[in-house]
Amino acid sequence: MSAAALFLAASLTAQYPTSFTPDIAQRPDVQRATTWIDANFKAQVDEWVRLAEVPAPSGKEQRRAAYIKAELEKLNYKPTSDSSGNVWVRRNGTGGGPTLVFAAHMDTVFPENTNVKVTRTPDGKLLGAGIADDTASVVNLLNAIRAIEHAKLQTKADLIFLFTVQEEVGLKGMYAWLENNRKDMDLLVALDGDLGAVRYGALGIYWSKMKFTGPGAHTNRSKGAPNPVRAAAQCITDIYTVPLPGDHERLGTVYNIGGMMSSGNIVNAVPQEVTFTVDLRTVDKSVMGALDDALLSKCDQAARAHGVTFAREWIQKSEPGGTPEDLVDRRRHHIVQTAIDILKHLGVKLLPGEEAIPNGSTDANVGVVNGIPSVAVGRAYGGGQHTSSEWSLADSARIGTKQIILLAASLTQK
Ligand SMILES: [Zn+2]
């Protein structure tokens, strides 16, 4: 390598600090842990299939939580749970360093009566609703914990293993946990998403129900009476005149109206209540505020014009983490490059310049918006998340599991 090329390589890598070096992967305790994962991988896949077949809609994670607690108790841990239903344990290090939290969510998007039977294909895929998101991470984390205990992994800092609830309905479990345990989270790694780039930002998501109410009446007696349907229709038409900012593609700015709508239930009535939902998303904090205000004022104006009452009800509110420019310092935090270097070490192909994404929609968002260095990393190769054709490539969960060991070893040295 020429001197100029050497300098360039050094300056490129110097740009982002990392805590991972290949020597860490060679440490005897780390080797014991990763060898344990390989030796027990068949049992891991069997457990993964069994757990995926336990229904866990948001708010109904109890059966999975009970299973996880029992498994942690077998390792002589004393797991804690809170009123939300989150389950966690702390593993003490030898002292010093930032407490590192690993989090996987127990809930899935699928309602209780969904068929959650898992199919194994001859080419090594697992198919089933919720097989990947986030059951794969839950089982990866459980097995990483077993491997860490088996190997007596050395860490200076404490580790917290956290299994959250209600991630899919506004990260509610993680918000509740952080509120009560803020001093226990210095670094956060959310285990969620398919294997690939490391995510260090947060997509804000506001879900509102816009509600218009008026007196309502029978058709024959309703002439000229305020009709909430007219107000709602006017409001929706007016909302579509609100322009998206020019860089909306880059900042993930989008809104969708009417994913859910409802009004009267008989033909010959003027309905008393009309509702529709708005799904508003962006990473940009100021755009989120401005667009939300604009949408609300269109609703207010329409309600006034038609003589009905307007109110917004929140369905979920998850704040944006900021634009890529806002997050320049977050990208420089060693947690991001460490996670990237570990994925590369484990053979995950990441395109140059696309290794890290300043966006995300996982429990890591809660850390990001609270100023805690946070990343989300994947669990296995797969696709079809949130659909009935969800799948994972079973063998690739080895990577998802081993990365937890390497992250735990790398991020807790000082
Ligand atoms: Zn998820």
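User: What counts as a helix or a strand when reading this structure?

Analyst: Helices (H or I, at least four residues) and strands (E, at least two) are runs assigned by DSSP, and they are numbered from the N terminus. Just after H11, for example, Gly347 takes a positive phi of about 95 degrees. Residues themselves are numbered from 1 along each chain as its sequence is written. The model is a predicted one, in which local features need pLDDT of at least 70 and side-chain atom pairs count only at pLDDT 80 or more, while totals for chains, interfaces and linings use all residues.

User: Which domains is the chain divided into?

Analyst: Domain bounds come from an automatic or database domain assignment. Here the chain is divided into domain 1 (15-202 + 322-410) and domain 2 (204-318), and the centres of these domains, taken over C-alpha atoms, are separated by 37 Å. Residues are in contact if their C-beta atoms, placed from the backbone, lie within 7 Å, and the contact between the domains takes eleven residues from domain 1 and ten residues from domain 2.

User: How many residues of H11 are buried?

Analyst: A residue is buried if 20 or more other C-beta atoms lie within 10 Å of its own, exposed if 12 or fewer, and partly exposed in between, with C-beta atoms placed from the backbone. Helix H11 (residues 334-345) is mostly covered, with nine of its twelve residues buried, among them Ile335, Val336 and Ala339. What covers these buried residues includes strand S7 (187-191), strand S16 (374-377) and helix H13 (397-410). As for length, the expected span of a helix is 1.5 Å times one less than its number of residues, and H11 reaches 16 Å from its first C-alpha to its last, close to the 16 Å expected.

User: Which residues have the most contacts inside the largest nonpolar core?

Analyst: A nonpolar core is a set of buried Ala, Val, Leu, Ile, Met, Phe, Trp, Tyr and Cys residues joined through C-beta atoms within 7 Å. The largest one has 110 residues, and those with the most contacts inside it are Phe102, Leu141, Ala339, Val375, Ile405 and Ala408. Helix H6 (residues 135-151) gives the most to this core, with ten residues. Both domain 1 and domain 2 give residues to this core, so it lies between them. Leaving aside its neighbours within four places in sequence, Val375 is in contact with residues including Ile335, Val336 and Ala339.

User: What order do the strands of the open sheet have?

Analyst: Strands of a sheet pair through backbone hydrogen bonds, either parallel or antiparallel, and two strands are taken as paired if DSSP finds at least two bridges between them. The open sheet of four strands has the order S4-S5-S18-S17, with antiparallel pairing. Its edge strands, strand S4 (119-120) and strand S17 (382-383), each pair on one side only. Three bridges join strand S5 (residues 125-127) to strand S18 (residues 391-393), and Leu127 stands opposite Trp391 in S18.

User: Are Asn76 and Gln166, which both have a positive phi, buried or exposed?

Analyst: Asn76 has a positive phi of about 70 degrees although it is not a glycine, and this residue lies in the loop between helix H5 (62-74) and S1. With 7 C-beta neighbours inside 10 Å, Asn76 counts as exposed. Gln166, also not a glycine, has a positive phi of about 55 degrees and is found in the loop between S6 and helix H7 (172-181). Gln166 counts as buried, with 24 C-beta neighbours inside 10 Å.

Conventions
Two residues are in contact if their C-beta atoms, placed from the backbone, lie within 7 Å.
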